[in-house]
Amino acid sequence: MATMADVARRAGVSVATVSHVLNGTRPVRPATRRAVLDAVDELGYTPNTLARSLVTSRTRSIGLAVSAISNPYFTEILQGVEAAALEHGYGLLIADPHDDPVHELKAVRLLHERRVDGMIVAPSAAPDGLLGYLGRHAVPTVLLDRLVDGAGAAFDQVCAENAEPVARLVTHLADLGHTRIGLVAGAPGLSTTTERISGYRHGLAAAGLPFDERLLVHGDSEATAARHATGALLSLAVPPGALVTANNAMTVGALRALREHGLSVPDDLALCCFDDFPWADLLSPGPTAISQPAREIGACAVRLLLDRLASPGRAARTVRLPCAFVHRSSCGCPEKGPVL
């Protein structure tokens, strides 16, 4: 098995230079770096990660804690995190907190015990225990998707825009003549839920429509609850003629409720949704949707974390990324495609 000394001899450099190239501990001239990496490839050298972590106190690993990894949105975020981490020489350890504060804390402790260099976490609706633990142990952390005020302001955070895109869906439906527009909102306590409700209300106001609290229901960010919530809307004496669903799982639940009530989209009810679907082209009608830049959110979280590891004392940053309006036909319009 090749050693670091073998790589140094093949590249014509010192063992220290090989170490700097592989560990990124000091700038090395591009030609020298290329010679070292070529020697690594030729000899099939594999660094001893365990030994290196004992010397550097770094494991070159990142912990990722996100709930509902089966959700296509979080799956795309995971892909963005993994690609960016690998690009910078980091491995990934993954845990699912199940959106439960107790399980969330256990998952983060487990990742911390594995000596990850830092964490990327999508916090639950009650993250006090999580934030307290991360703060006490000074764990470099980026909060993902859901913003946290107060103690969360001490951490770097990244998410998509929420309020303006939902307002755009509402005004689009209003421009089509709809006056009773319902919202199936997410789990209470999440910043995404609060901001999307705010966008819904701003959209109604911009269209000159009154806010009717009966048209706002919570689908708790998952399909079954959204199905029941949508059923309640459809059972009103005067049900909505249009509906906005606040994430992709709730869109699925809403569609099931519509089927159970014998209603079709968009003939009986116009539908717009937050979150696009990878298989949207297989649906008829295609959903008019807000598409989040999920992979870029994941990649941005990695960049923020690596910046934090390089400069632990810098001020925390919050990054918001724009969404795209994908105009299809579930709203009652001819299909047009994405509009930024």
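Predicted model: local features only at pLDDT ≥ 70, side-chain atom pairs only at ≥ 80, totals over all residues.
Entry 1: The largest nonpolar core has 66 residues, and I noted Ile120 and Ile181 as the ones with the most contacts inside it. Helix 12, residues 294-310, gives the most to this core, with 10 residues. Apart from it I found another core, this one of 17 residues, including Ala65, Val108, Met119 and Leu134.

**Entry 2: Ile120.** Which residues does Ile120 touch, not counting those up to four places away in sequence? I listed Ile62, Gly63, Leu64, Ala65, Val81, Val142, Leu144, Ala301, Val302 and Leu305.

**Entry 3: the whole protein.** I stepped back and looked up the overall numbers. The protein has 12 helices and 13 strands. I wrote down about 80 × 40 × 35 Å for the span of its C-alpha trace along the principal axes. Of its 340 residues, 49% count as buried. For contacts between residues at least 6 apart in sequence, 67% join residues at least 24 apart. The accessible surface comes to about 15800 Å², and carbon and sulfur atoms hold 54% of it.

**Entry 4: Ser330.** Next I went to the loop between strand 12 (324-327) and strand 13 (337-339), where Ser330 lies. Is Ser330 buried or exposed? Its relative accessible area is 2%, so I put Ser330 down as buried; the cut-off for buried is under 20%.

Then I checked what surrounds the side chain of Ser330. One of its polar atoms lies 2.5 Å from the backbone oxygen of Leu271. The backbone nitrogen of Thr288 also has a polar atom of the Ser330 side chain 2.8 Å away. Leaving aside neighbours within four places in sequence, I found Ser330 in contact with Val265, Pro266, Leu269, Ala270, Leu271, Pro285, Gly286, Pro287 and Thr288.

Entry 5: My last stop was the loop between strand 9 (270-274) and strand 10 (288-291), where I found Leu283. Why does Leu283 count as partly exposed? Its relative accessibility is 33%, and partly exposed covers the range between the buried limit of 20% and the exposed limit of 50%.

Note on methods. Residues numbered from 1 in each chain as written. Heavy atoms only, no water. Helix = DSSP H or I, 4+ residues; strand = E, 2+ residues; numbered from the N terminus. Buried < 20%, exposed > 50% of the residue type's maximum accessible area, 1.4 Å probe, protein only. Polar contact = N/O pair within 3.5 Å; in protein donor to acceptor, adjacent residues only side chain to side chain. Contact = heavy atoms within 4.5 Å. Core = buried A, V, L, I, M, F, W, Y, C linked by side-chain atoms within 4.5 Å. Areas by Shrake-Rupley, 256 points an atom, 1.4 Å probe, with all protein chains shown as cover.
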